[in-house]
Each structure stands twice: as structure tokens, then as C-alpha cells.
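Biologist: I would like to learn how to read the packing in a structure, step by step. Could you take me through one?

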Amino acid sequence: MAANFSNSAWFYDSLSRLVYGKAIVNTQLYLLSYIKPHNKILIVGGGTGWILEELTRLHPSGLQITYVEVAAGMMALSQKRNIGNNQVTFINDAIENVTLVADFNAAITPFLFDNFTERTLKTVFDHIHSLLKPGSLWLNCDFQLTGKWWQTFLLKSMFLFFRLICGIEASKLPKITVCFHSKQYNIIGEKFFFSGFIVARVYGR
Ligand SMILES: C[S@@+](CC[C@H](N)C(=O)[O-])C[C@H]1O[C@@H](n2cnc3c(N)ncnc32)[C@H](O)[C@@H]1O
């Protein structure tokens, strides 16, 4: 059974801020600094949708955003966000089931892949890849293990918690960077947060 983050929608942001402070938000603010005016953007797994308000703060108008979020509870919160004069198409489905025109300038996948199995990762990754125009950016952030004991502990705790509450599939991080390398993406920008446990990467192709 696929994970359902709806169960966690009402407390997700508070919990993430309790554990990670401003790191989750700052990671995504770093990525958003790469968005240019009038970009056509695909956001996948935006959770409660606060990223839409941050994008609107940077670009009050002119963006064309397709916002794909599979959890109905998350989507309901996202649709209440201030989007200024940007154009947002909300799609409440799993991205791999959605047919879209392949003309995006940028994709944003914030903490989307960490709870996927290798198989789901490949399916979802290949689908998003197919929707990006040549010369586009892929803004991705996620957890990584850099050898510190507390990272392993925190990651295992998160997997256990979200398996119980939301039914996530994974029990270890899938090989996210391998997917980007296999499709010849280059790293254009990179920043680490929370003592290296979180990595934000700007990929281009
Ligand atoms: C770990 S949460 C991250 C939420 C948000 N990006 C944040 O940083 O707070 C992952 C989100 O991705 C959504 N999601 C998972 N698989 C998805 C898929 N295949 N298509 C669209 N959304 C998906 C989940 O419902 C959940 O809201």
C-alpha cells in the first residue's frame, strides 16, 4: 500500500519545525532563489503548501505552477495558501499517474524521495525527468547520511514514525544521487543544512 501523508497533515509542519528548527524551510528557500520570473514550475510533494507562499513572496506574479500532491489532507491545506497573482494548477494525485505537457523550466522535489523504495524512486524520477525541457533546473532536497551516529538514529526514528502513522514503504534511503547522475544532470548549486544531514542540490541538464 502506498504511503498516505494525510494522517500527518495537521501536525506535519509543527513536528518538522520542532525537530529541525528552521532547517527544512531554509533548505527550500535556498532552492527557491534559483527560480526566475515567469518560470513554468512543477512542484511535487509540497506537503502543506507553505512553499507556495514563500515562492509568492519572491515572485508575487508571473509564475505558472503545477502543484502535484498525492495526499488529500496535504492538498486541502495547500489550496488555502496565498499564491498572489501566480497561476497554480492543483493536482491531487501521484505524479507518476499524471499526464502533463513536457515544458517545465524547473521541478521542485522537496523531501519527496527519502521514503521511497528504489523501484518507486525510479518510476517517479523518470516521470519527472520526462516533463522537463532541455536547459531546465531540478531543485531537490533531502536527507543524507554522512557517517554521524545521530543521523542514522534520527532517520530510523523518522522511518518508524512515518511507517506507523502514514504507512511509508522504505526503511532506508534510496539512492537519489545515482538517479541524477544516470540522466547526466550537473550540480549547479549545493548547500548543506542541519550539520550535513540535509542537502539541497540544484541540478541542470
Ligand atoms: C516527506 S513529505 C514532504 C513535505 C514538504 N515537501 C515539506 O518539506 O514539508 C512528502 C510529501 O510528498 C507527497 N508525495 C509522496 N509521494 C508522492 C507522489 N508520488 N506524487 C505526489 N506527491 C507525493 C506526500 O503526500 C507528502 O506530502
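**Reading contacts and packing**

Modeller: Leaving aside its neighbours within four places in sequence, Tyr20 touches Phe143, Leu154, Met158, Phe194, Phe197 and Ile198, where contact means heavy atoms within 4.5 Å. This is a predicted model, in which local features need pLDDT of at least 70 and side-chain atom pairs count only at pLDDT 80 or more, while totals for chains, interfaces and linings use all residues. Residues are numbered from 1 along each chain as its sequence is written, and side-chain values use heavy atoms, with hydrogens and water left out.

Biologist: Which residues have the most contacts inside the largest nonpolar core?

Modeller: In soluble globular proteins, nonpolar side chains tend to be buried together. Here the largest nonpolar core has 44 residues, and Tyr20, Ile35, Ile43 and Phe143 have the most contacts inside it. Such a core is a set of buried (under 20% relative accessible area, 1.4 Å probe, protein chains only) Ala, Val, Leu, Ile, Met, Phe, Trp, Tyr and Cys residues joined through side-chain atoms within 4.5 Å.

Biologist: How do the axes of α1 and α6 cross?

Modeller: Two packed helices are described by the angle between their axes and the distance between the axes. The axes of helix α1 (residues 12–20) and helix α6 (residues 149–166) come within 13 Å and cross at roughly 165 degrees; the two are therefore roughly antiparallel, a label for angles over 145 degrees. Helices are DSSP runs (H or I, at least four residues).

Biologist: Which residues meet there?

Modeller: Tyr12, Leu15, Val19 and Tyr20 in α1 meet Leu154, Met158, Phe161 and Phe162 in α6.

Conventions:
Axes fitted to C-alpha atoms, helices over the stretch in contact; angles between N-to-C directions. Parallel < 35°, antiparallel > 145°, perpendicular 65-115°, else oblique. Buried < 20%, exposed > 50% of the residue type's maximum accessible area, 1.4 Å probe, protein only.
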